[in-house]
Amino acid sequence: RYGMSLAHRWDPTERDSVRVRGSYFSDSYFRRDFYRKTLFNWKSQFVDYPNSGVFWEHLENAFALGAEVSGRLNEFYTMTGRLPELYLDVNPQPVFGLPLNYESENRIGYLTRDPAEYGRGEKTNPFSYQPGRWAEYEAFRFDTYHRLTAPFKVFDDVLSVVPRVGYRGTFWNRSGADNLTGWGETDDEGNLYRSILEGGVTFAARATGWVDETWRHVMEPYFDV
């Protein structure tokens, strides 16, 4: 039995990073049997496995963009491959001098979903699938999320109040399996749409104090609606 893992990071510029990550195991029980102390759910036969692939990210003060090409190297765990997926995140930015901040997250890519395949040793049906063949599909996906916040402080700057409104929209070029039923509206061509409106407010405070010269205590109570 064996397992092989590779992780490499390269920073070609001060704002760019490239990561390569890959893992290959001889069988589906390898991580559970040899890494029980480092896996939270080691008692389960279904252990989370990281995606293997190449990841690139570029960071600016106002935004971050990146891309990844990833998938699974073993067939005995379920994984969503990204072939590829691009993203653009906008950090909170002031809006025209108003007491408002705007931020967004955007993803676009071609995704493939493959069920876990386990050998059973039967000639007629040599493999079983978890959760099932219905989970095998592929689709083009575009997801966008936009949010406005208006942070301010009250009670002598003790309490921070952050109201927010947001919108998230997702598009798939096919509805895929029946498990997507109820996630959105499907048109005549099989495209799936989902829209979510968000509204809320967060109340937060922060207090710090030194117990002695070496111990510092921080308390951050918050309430989110």
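What follows is a set of questions and answers about this predicted model.

Me: How many aromatic pairs does a search of the whole structure find, and how is the pair of Phe-25 and Phe-30 classed?

Reply: The search, which covers the whole structure, finds five aromatic pairs. In one of them, the rings of Phe-25 and Phe-30 have centres 5.5 Å apart and planes at 35 degrees. Planes under 30 degrees apart would count as stacked and those over 60 as edge-to-face, so the pair of Phe-25 and Phe-30 is tilted.

Me: Is Phe-30 buried or exposed, and which residues make up the largest nonpolar core?

Reply: A residue counts as buried when its relative accessible area is under 20%. Phe-30 has a relative accessible area of 8%, so Phe-30 is buried, and Phe-25, at 6%, counts as buried as well. Both belong to the largest nonpolar core, whose six residues are Phe-25, Phe-30, Tyr-49, Phe-76, Tyr-77 and Met-79.

Me: Which parts does the pair of Phe-171 and Tyr-193 tie together?

Reply: Phe-171 and Tyr-193 form a tilted aromatic pair, with 5.3 Å from centre to centre and 50 degrees between the planes. The two residues lie 22 residues apart in sequence, so their pair ties together strand β11 (residues 159-172), which holds Phe-171, and strand β13 (residues 192-205), which holds Tyr-193.

Me: How many of the residues in strand β1 are buried, and what is the bridge partner of Arg-9 in β2?

Reply: Strand β1 (residues 3-10) is hardly covered, since the count of buried residues among its eight residues is zero. Eight bridges join β1 to strand β2 (residues 16-25), and the two strands run antiparallel. They form a hairpin with five residues between them, and in β2 the bridge partner of Arg-9 is Arg-19.

Me: Where is Ser-17 placed, and is Ser-17 buried or exposed?

Reply: Ser-17 has its place in strand β2. Leaving aside neighbours within four places in sequence, Ser-17 is in contact with several residues, among them Arg-9, Trp-10, Phe-55 and Trp-56. Its relative accessibility is 9%, and Ser-17 therefore counts as buried.

Methods. Residues are numbered from 1 along each chain as its sequence is written. This is a predicted model: local features need pLDDT of at least 70, side-chain atom pairs count only at pLDDT 80 or more; totals for chains, interfaces and linings use all residues. Side-chain values use heavy atoms; hydrogens and water are left out. Rings of Phe, Tyr and Trp (its six-membered ring) pair if their centres lie within 6.5 Å; planes under 30 degrees apart count as stacked, over 60 as edge-to-face and the rest as tilted. Buried means under 20% relative accessible area, exposed over 50%, partly exposed in between (1.4 Å probe, protein chains only). Helices (H or I, at least four residues) and strands (E, at least two) are DSSP runs, numbered from the N terminus. A nonpolar core is a set of buried Ala, Val, Leu, Ile, Met, Phe, Trp, Tyr and Cys residues joined through side-chain atoms within 4.5 Å. Two strands pair if DSSP finds at least two bridges between them. Contact means heavy atoms within 4.5 Å.
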